[in-house]
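Student: I would like to learn how to read a model like this one. Please take me through a few features in turn.

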Amino acid sequence: MDPNTVPSQSPANGEVVLDVQDIHVYYGQVHALKGVSLQIMRNEIVTLIGANGAGKSTTLSAISGLAKPRTGRIVYEGRDLSGVPAYDVVKLGLSQSPEGRRIFPRMSVKENLEMGAFSRSNKDLGADFERVYHLFPVLSERKSQPGGTLSGGEQQMLAMGRALMARPKLLMLDEPSMGLAPMFVEKIFDIIKEINSQGTTILLVEQNANVALEVSNRGYVIETGQVVLADKASELLKNPQVQEAYLGGA
Amino acid sequence: MTAFIQYLFNGLMLGCLYALIAVGYTMVYGIIELINFAFGELFMFGAYISIMMMVSKITLFGHEVSMPGLNFFLAVPIAMAIVAILGVVIERLAYRPLRNAPRLAALISAIGVSILLQNVAQAIFGSKQVSFPTISLFTTAEGQAKSFQIGGAIITWLQVFVVGVTIVAMVALNLYVSRTKMGRAMRASAQDKRTSALMGVNVNRVIAITFLIGSAMGALGGALYGSVYHFAAPQMGFSPGLKAFIAAVLGGIGNIPGAFLGGILLGIIESFGAAYVSSRYQSAFAFIVLILLLCFKPSGLLGSTVSQKA
């Protein structure tokens, strides 16, 4: 797809929560993001799709403050995030379940969840624990087990639960279906919808583009560090090029 | 039997002194995988600064200077505070700029800091050893150490104090790391700094606090060592620093109870080795233990290897 043909379609009406403006990110000599722009509205679910190494996770890292854009701006709720360190970004209500899950292996499930709430000044975590254990009952059974001993799927749930503990306004999920048995994939997306309906805006990164677009309002297709397509999720699902490249054939 | 008890208790006390430096090694290694060789020198400064606070006059840079002449129990916390700040400054200047450099660079920097601090001490306090004032609480009117006997073995109250203080410090530290929010942030940072930052942890601050605590513990060890052996000297930290490093490895590096256990075991092994085999080889026993350990259980006694599943 030719990046010059990106439709200048503006997202649905509403309040812009996150506005990523033409960011360029370098890893040493590698030009990982070559001018990514995207907007997320309040209460939307937005999916980034693209091949491995296209720059999806780097985009999330840049939003979280882990990777600093060399040029371009990231504006969250009207506030420019340049110069805001990663540990302060989460305090603003942006949390992330990162690529590869990144569970703390030698901490118990409960402590992992407590780490998720680290940025909060509100000390009462009871309701949050309840919410996470309700969404992921298996975590409640494994409360005192070290995170490193969980299965891949359980770790994925823990990573999501941990991100929820921050009570984010914008939740970023990097490959939430990774490592999950097919029967759980659907369940995890139900949970994502449920979280969204409770008032959390969601930015998804998924290989499993079909299922992700099903639950999303809009999607962005990223190729080699650039947004090549942006549209409503329902349109992307119908797009022949998208179908061929990301949805397992027409 | 009398001799056995005597050596056991001597070893226990020596082991406590090692343990106090070893926690610094183990905490810092746990979090940034750096062997901060300068802890031996921070230990030495702990002893010197305690002396400075306790005497009424001291020679600094060859000039006699008046000093406050404080009580031991006031002097030591002051020394700990000063050395703690010194530890944080060292981290800021000598290690943080090398955080993303190859690990060898930071290690060389640590050795450099260690040598630098020895020379600074020599410049300030002179190359001759300075005697550590006696502590009135632990000394009789005749100038003898207050002591009691168990099974014929003579145990001084100062030794008991050293063991007691170490145990209290270790328990407090362990509670701090396992129960408090900052302690949890330390453990999280030791496991995954990037993700810790994502959770809202200011990792640089956590590392600074780790140096602060490790350095204060080392200074406490130095002050106690000085009071037990009645001296301070610029090179006094070298050997205990090395032994403490072995103790940390012995217990499982990164593990605080392990550092305590490793220190005590090492102290007792040295004490018995010196008594029953040969005192000339006292230090060799520590290294024999290190070699055997690395051959048979490189992760240390309490070291675990729970790895993250792929």
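Student: In what order do the four strands of the open sheet in chain A stand, and is the pairing parallel or antiparallel?

Tutor: Strands of a sheet pair through backbone hydrogen bonds, either parallel or antiparallel. Here the order is S2-S1-S4-S5 in chain A, with antiparallel pairing. Two strands pair if DSSP finds at least two bridges between them. Helices (H or I, at least four residues) and strands (E, at least two) are DSSP runs numbered from the N terminus. This is a predicted model, in which local features need pLDDT of at least 70, side-chain atom pairs count only at pLDDT 80 or more, and totals for chains, interfaces and linings use all residues. Residues are numbered from 1 along each chain as its sequence is written, chains are lettered from A and ligands numbered from 1 in the order in which they are written, and side-chain values use heavy atoms, with hydrogens and water left out.

Student: Which strands of that sheet stand at the edges?

Tutor: Strand S2 (30-41) and strand S5 (79-80) of chain A do; each has a single partner strand, so one side of each lacks a neighbour in the sheet. S2(A) is joined to strand S1 (residues 16-27) of chain A by nine bridges, and the two run antiparallel. Within S2(A), Gln39(A) is the residue opposite Asp19(A).

Student: What lies across S1(A)?

Tutor: Helix H1 (residues 56-64) of chain A lies across S1, S2 and strand S4 (71-76), running at about 110° to S1(A). Such axes are lines fitted to C-alpha atoms, for helices over the stretch in contact, and angles run from 0 to 180 degrees between N-to-C directions. Contact means heavy atoms within 4.5 Å.

Student: Which residues of strand S6 of chain A are buried?

Tutor: In a regular strand the side chains alternate between the two faces of the sheet. In S6(A) (residues 94-97), Leu94(A) and Gln96(A) on one side and Ser95(A) and Ser97(A) on the other are all buried, and both faces are covered. Buried means under 20% relative accessible area, exposed over 50%, partly exposed in between (1.4 Å probe, protein chains only). S6(A) runs parallel to S7(A), with four bridges between them, and Ser97(A) stands opposite Leu173(A).

Student: Why do the buried residues of H7(A) line one face of the helix?

Tutor: The buried residues of H7(A) are Val185(A), Ile188(A), Phe189(A), Ile191(A), Ile192(A), Ile195(A) and Asn196(A). Seen down the helix axis, they fall within an arc of 155°, so they line one face. That arc is of the directions from the helix axis to the C-beta atoms. The face turned away carries the exposed residues Met183(A), Glu186(A) and Ser197(A). Among the elements covering the buried residues are strand S3 (45-49) and helix H4 (126-135) of chain A.

Student: Is Lys243(B) buried or exposed?

Tutor: Lys243(B) is buried, at 4% relative accessible area. This residue is found in helix H9 (residues 238-251) of chain B. Eleven of the 14 residues of H9(B) are buried, so the helix is largely enclosed by the rest of the structure. Beyond its neighbours within four places in sequence, Lys243(B) has contacts including Tyr18(B) and Glu270(B).

Student: What is the mean pLDDT of chain A?

Tutor: pLDDT is the predictor's confidence in each residue, from 0 to 100. The mean for chain A is 90, and 94% of its residues reach 70 or more. Over residues 2-10 of chain A the pLDDT is below 50. Where pLDDT is low, the predicted coordinates should not be read in detail.
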